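Please examine the protein shown below, and then read the briefing that follows.

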Amino acid sequence: MNQPKQKQPITSLWDDAKAATMSEPELLLYRSNLLGSDLRITNFGGGNTSAKVMMEDPLTGQEVEVLWVKGSGGDLGSIKLDGFSTLYLDKLHALKNRYRGLEHEDEMVGYLPHCTFNLNPRAASIDTPLHAYINKKHVDHMHPDSVIAIAATANSRALTEKIFEGVLGWLPWKRPGFDLGLDLEKLSTEQPHLKGIILEGHGLFTWGDTAKEAYETTLAIIKRAEEWLEANIAQPVFGGQKYQPLPAAERAAFAAKLMPLLRGKISKTEYKLGHFEDSDTILEFVNSQDLEPLAALGTSCPDHFLRTKIRPFVVDFDPTRPDFDAVAAGLDAALEAYRADYTAYYNRCKRDNSPAVRDANPIIYLIPGVGMLSFAKDKATARIAGEFYVNAINVMRGANGVDKYVGLPEQEAFDIEYWLLEEAKLQRMPKPKSLAGRIAVVTGGAGGIGQAVAKQLLSEGACVLLTDIDGGALEEAKSSLAKVAGKDNVATITGNITSEEQVEAVFAESALRFGGVDLLISNAGIASSAPLEDTTLEVWDRNQDILVKGYFLASRAAFRMMKTQQLGGSMVFVASKNGLVASAGASAYCTAKAAEIHLARCVALEGAPHGIRVNVVNPDAVIRGSKIWDGKWKQERAASNKIEADDVEAFYRDRSMLKRSVLPEDIAEAVYFLSSDKAAKSTGNVLNVDAGNAGAFTR
């Protein structure tokens, strides 16, 4: 296969004119954003930057030296000034007198808040001492793949000396913390000519007297590492290629079929969301001779395995003889073996005060010929885990190409994965929202009700795939919703629900994008009005196609995928008051809506043994934001009721028992209730949201 595509060389993006207008904290922010904008320099959420700045003490009015350093959490590419912690540098140095040794290292984190400057609420990172004790004004700590590749070789010290010719120092592996900060201080002080230090198996520290010098030194070191590795890498990479990748369409189809099955098997205690990648870098690795032995070694950099677990799961699949059924048949045993191995790792390495064993399921799944899947509790985490494993692949590629790749020792890996400080961070995470980890497909997603439903489900933590026949309106809806819920959680696909092929494509996209489906909101609709003798067969068939056949096709596809997952599920049909009470001059529409309701009841009967609930929401006259009411339907209903078109909303409001307009958000609330576990014991039911219509009372 082709080698991974070469990227453009790393070049400085520093703008002197822009920088000239900035204060020292602003220069730190500028440098940080530039560094974080390129994943070759540091991974998402990884790396730290700092600057030591003279500032006026708000208490004494005296000039004091303040450490500005990236706070706990956050990402360099998107960080703002409030993402930095600020600490008195003299107080940080005073902490050395409180240090009782490596076995008491974690207690030093509790002292950091006492060093806070100007009551800054941003919590200081565990990496703070690593920056504080290097006697340079501007310090960068990055995780570039090229440098970690050197750091993760069996002979990393010798390679560091050879490649960087004395410009960089080297320190053996040590968990990030106070003691490593003292080591960095000692080496950088004893060898003042150094421009940085490589940490074995971890990453890179660089520095400078100015923000620009630090930035450009960081780039120069990374560029040197990249160029040296590329010039010296042994061929063939990863022992050469064992397989050729399947064609792109076949890779996607295989992944879309596997992901719901796999998701169901790993989501018994917590819903997982999936991500699929098949880049050239991934395909080179999964199709290589050395895939299994290298995967078994695990990752090196702590940032990598905290996101990916120390080892991935390699799917037993031969792309030269593709047999999905054989893969499916072997999954249970293979996953159980992985979980047993992970539990054994935990039991071998646990300490007296270790947190309880966590979810033993894999996060990364490597499939020869196909690519990589990643699963996590939310979509962004799944995607980012995949990105981190690509970092790990790049590290293995570089390290094994020039020496021998070495993963982090098992006990060291465990001590970071089950670090009490990391556990405390996990315990502080907010409680998951009610639909966290759920995947919803919303048909008619570009309309007023569709968008309101999507927004409501997204606000409760679900991921949403919207489909609609109107591609332009769909993209506008996606853009609007992404601003509210983030681009990871919203996807769209243009589709006609009257087409069996297109409906199947919608659910394949849901599987490929998120991992499967848990919620179906059948909402696509039209409306028509005409006296019986004027109702054409074309109008009749169009109502039946969209409102009956379309709902059948969508529910059948969702039902099949939900059964595959074995996680239950919920479907909500958005029907109409007209499904329960007839309206003169709308026989085609009323009949189709009645069929929707009865279809829901039929599906509820078949779904119950599988934990699949099916319910109906009946709106009436949802006029605001409606594409249906913006068109011919409003004119038809106005004519039928002998009123002006502009008076339609007031007419329907005043006709209701409660004298209130029904809005898209009202329907969304009802859909959410029936979709959620709040209605876990409701199936086959009809919920009217019509402001009161006695004729539509259910019987």
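Phe-238 lies in the loop between helix H8 and helix H9; helices (H or I, at least four residues) and strands (E, at least two) are DSSP runs, numbered from the N terminus. The model is predicted: local features need pLDDT of at least 70, side-chain atom pairs count only at pLDDT 80 or more, and totals for chains, interfaces and linings use all residues. Residues are numbered from 1 along each chain as its sequence is written, and side-chain values use heavy atoms, without hydrogens and water.

- Phe-238 has a phi near 55°, a positive value in a residue other than glycine.
- At 4% relative accessibility, Phe-238 counts as buried (under 20% relative accessible area; exposed is over 50% and partly exposed in between, with a 1.4 Å probe and protein chains only).
- Pro-236 lies in the loop between helix H8 (211–232) and helix H9 (248–266).
- Gln-235 and Pro-236 are joined by a cis peptide bond, with omega about -5°.
- Most residues other than glycine have a negative phi, and most peptide bonds are trans.

**The loop between H6 and S5**
- Glu-165 is found between helix H6 (156–164) and strand S5 (168–171).
- The phi of Glu-165 is positive, near 50°.
- Glu-165 is exposed, with a relative accessible area of 66%.

**The whole protein**
- The protein contains 24 helices and 18 strands.
- Of its 699 residues, 54% count as buried.
- Along the principal axes, the C-alpha atoms fill a box of roughly 95 × 70 × 50 Å.
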